[in-house]
Every structure is written in structure tokens, then in C-alpha cells.
Amino acid sequence: MEPIAGWALWRLDDNGNRFVVAVFAHREEAEAAVRAFEAHGHKQTYWVEAAGDRGCPPV
């Protein structure tokens, strides 16, 4: 199994479009970014996946 190259922060907007907001070297950093967006009252959905999933480029 290959090591994970990074962690992607994804966003789902009001129109159902998904895109990568940022890619982080560490999962904890990506999850902290999700919490920061959610704390500001953004209505979109955010989540973290391993970079490379769904065509996301690695770090």
C-alpha cells in the first residue's frame, strides 16, 4: 500500500458542484480547515479525503 501523499479539503456547493478547496500534508490540518469554515457559518458542506481520491492531485 502506498503512503497517502496528502489530504484534500472538498466543498459541495448549493448547486451540487464538488471541488477541492485546498490540499494539506497532514489530515489534522485539513480537518482543522473544515472546522474553521464551518465555524464561520458557511452553508456549504466540507469534508476531507485522501489526496488522489476523485482525481484530486497529490500534494
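**Aromatic pairs and a buried aspartate**

Begin by selecting Y46, which counts as buried at 7% relative accessibility, where buried means under 20% relative accessible area, exposed over 50% and partly exposed in between, with a 1.4 Å probe and protein chains only. This is a predicted model, in which local features need pLDDT of at least 70 and side-chain atom pairs count only at pLDDT 80 or more, while totals for chains, interfaces and linings use all residues. Residues are numbered from 1 along each chain as its sequence is written, and side-chain values use heavy atoms, with hydrogens and water left out.

The structure holds two aromatic pairs; rings of Phe, Tyr and Trp (its six-membered ring) pair if their centres lie within 6.5 Å, and planes under 30 degrees apart count as stacked, over 60 as edge-to-face and the rest as tilted. Select W10 and W47, whose ring centres are 6.2 Å apart with planes at 10°, so this pair is stacked. F37 itself counts as partly exposed, at 25% relative accessibility, whereas W10 is buried at 6%.

Finally, select D13, which is buried but has no salt bridge, the nearest side chain of opposite charge being R11 at 5.5 Å; a salt bridge is a side-chain nitrogen of Lys or Arg within 4 Å of a carboxyl oxygen of Asp or Glu, and Lys and Arg count as positive, Asp and Glu as negative, with His and the chain ends not counted. A polar atom of the D13 side chain lies 2.9 Å from the backbone nitrogen of N15.

Technical notes:
A polar contact is a pair of N or O atoms within 3.5 Å; within protein, one must be able to donate a hydrogen and the other to accept it, and residues adjacent in sequence count only if both atoms are side-chain atoms.
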